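I opened this model to see how the chain is put together and which residues sit inside. My notes follow in the order I looked things up.

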Amino acid sequence: MWLPKANGAKKEIGSGSVAVAIDKDKGSQHALKWTIDNLASRGQTISLIHVLSKSHSDLEEGTPQQKQQLEKTAKDLFVSFHCYCSRKE
């Protein structure tokens, strides 16, 4: 979503939903930073979306160790973004 820059105008608090697609790439961190700086208001909830490819979703039939590793990887990914968002309030 692209919005025109407001000239000195104050951001509205809680104006709409904000979501950012993330993965482990550095571009995701830049996308989140841009969103926080340009779209989100202080205290507004930002939804982070991480989509697994079909090959990862096939792990339902995989071993418990494979499932556990996939869950740990996803959790680690979200924790790093959560820490960043918490610092930015």
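**Starting at T35**

I began with T35. T35 is buried, since its relative accessible area is 6% and the cut-off for buried is under 20%. I placed T35 in helix 1. Next I asked which backbone oxygen the side chain of T35 reaches. It is that of A31, at 2.8 Å. I then listed the contacts of T35, leaving out residues up to four places away in sequence. T35 touches V18, V20 and A40.

**Confidence**

I noted that this is a predicted model, so I checked the confidence before going further. The protein chain has an average pLDDT of 75. I found 70% of the residues scoring at least 70. Which element has the highest mean pLDDT, and which the lowest? Strand 1 has the highest, at 90. Helix 2, residues 54–57, has the lowest, at 58. I also marked residues 1–11, where pLDDT stays under 50. For that stretch the model has eleven contacts beyond four places in sequence.

**Overall layout**

I counted elements next. The protein chain has three helices and two strands. Along the sequence I read the pattern β-α-β-α-α. Of the 89 residues in the chain, 18% are buried. I also looked at contacts between residues at least 6 apart in sequence. Of these, 77% join residues at least 24 apart.

**The strand pair**

I moved to the strands. Strand 1 covers residues 18–21 and strand 2 covers residues 46–49. Are they parallel or antiparallel? They pair in the parallel sense, over four bridges. I looked up two partners in strand 2. A19 has S47 as its bridge partner, and A21 stands opposite I49. Strand 1, helix 1 and strand 2 make a β-α-β unit, and its hand is right.

I followed the side chains along strand 1 and found that they alternate. V18 and V20 point to one face and are buried.

I stayed with I49, which is in strand 2. Is I49 buried, exposed or partly exposed? It counts as partly exposed, because its relative accessibility is 41% and that class lies between 20% and 50%. Beyond its neighbours within four places in sequence, I49 is in contact with A19, V20, A21 and I22. I checked the spacing to V20 as well. I49 and V20 are 29 residues apart along the chain, and their C-alpha atoms are separated by 6.0 Å.

**The nonpolar core**

I asked which residues make up the largest nonpolar core. I got ten: V18, V20, I22, L32, I36, A40, I46, L77, F81 and Y84. Strand 1, helix 1 and helix 3 (64–87) each supply at least two residues of this core. Helix 3 gives the largest share, three residues.

I went back to helix 1, residues 26–38, where S28 is found. S28 is buried, because its relative accessible area is 6%, under the 20% limit. I left aside its neighbours within four places in sequence and listed the rest. S28 is in contact with A21, I22, D23 and F81.

**Two loop residues**

I finished with the loops on either side of helix 1. K24 lies in the loop between strand 1 and helix 1. L39 lies in the loop between helix 1 and strand 2. Which of these is buried and which is exposed? K24 is exposed, because its relative accessible area is 79% and exposed begins over 50%. L39 is buried, because its relative accessible area is 15%.

I took one C-alpha distance for each. K24 and F78 are 54 residues apart in sequence and 9.6 Å apart in space. L39 and S17 are 22 residues apart in sequence and 9.7 Å apart in space.

Terms used
Residues are numbered from 1 along each chain as its sequence is written. This is a predicted model: local features need pLDDT of at least 70, side-chain atom pairs count only at pLDDT 80 or more; totals for chains, interfaces and linings use all residues. Side-chain values use heavy atoms; hydrogens and water are left out. Buried means under 20% relative accessible area, exposed over 50%, partly exposed in between (1.4 Å probe, protein chains only). Contact means heavy atoms within 4.5 Å. Two strands pair if DSSP finds at least two bridges between them. A crossover is right-handed if, with the strands pointing away from the viewer, the path from the first strand over the helix to the second runs clockwise. A nonpolar core is a set of buried Ala, Val, Leu, Ile, Met, Phe, Trp, Tyr and Cys residues joined through side-chain atoms within 4.5 Å. A polar contact is a pair of N or O atoms within 3.5 Å; within protein, one must be able to donate a hydrogen and the other to accept it, and residues adjacent in sequence count only if both atoms are side-chain atoms. pLDDT is the predictor's confidence in each residue, from 0 to 100.
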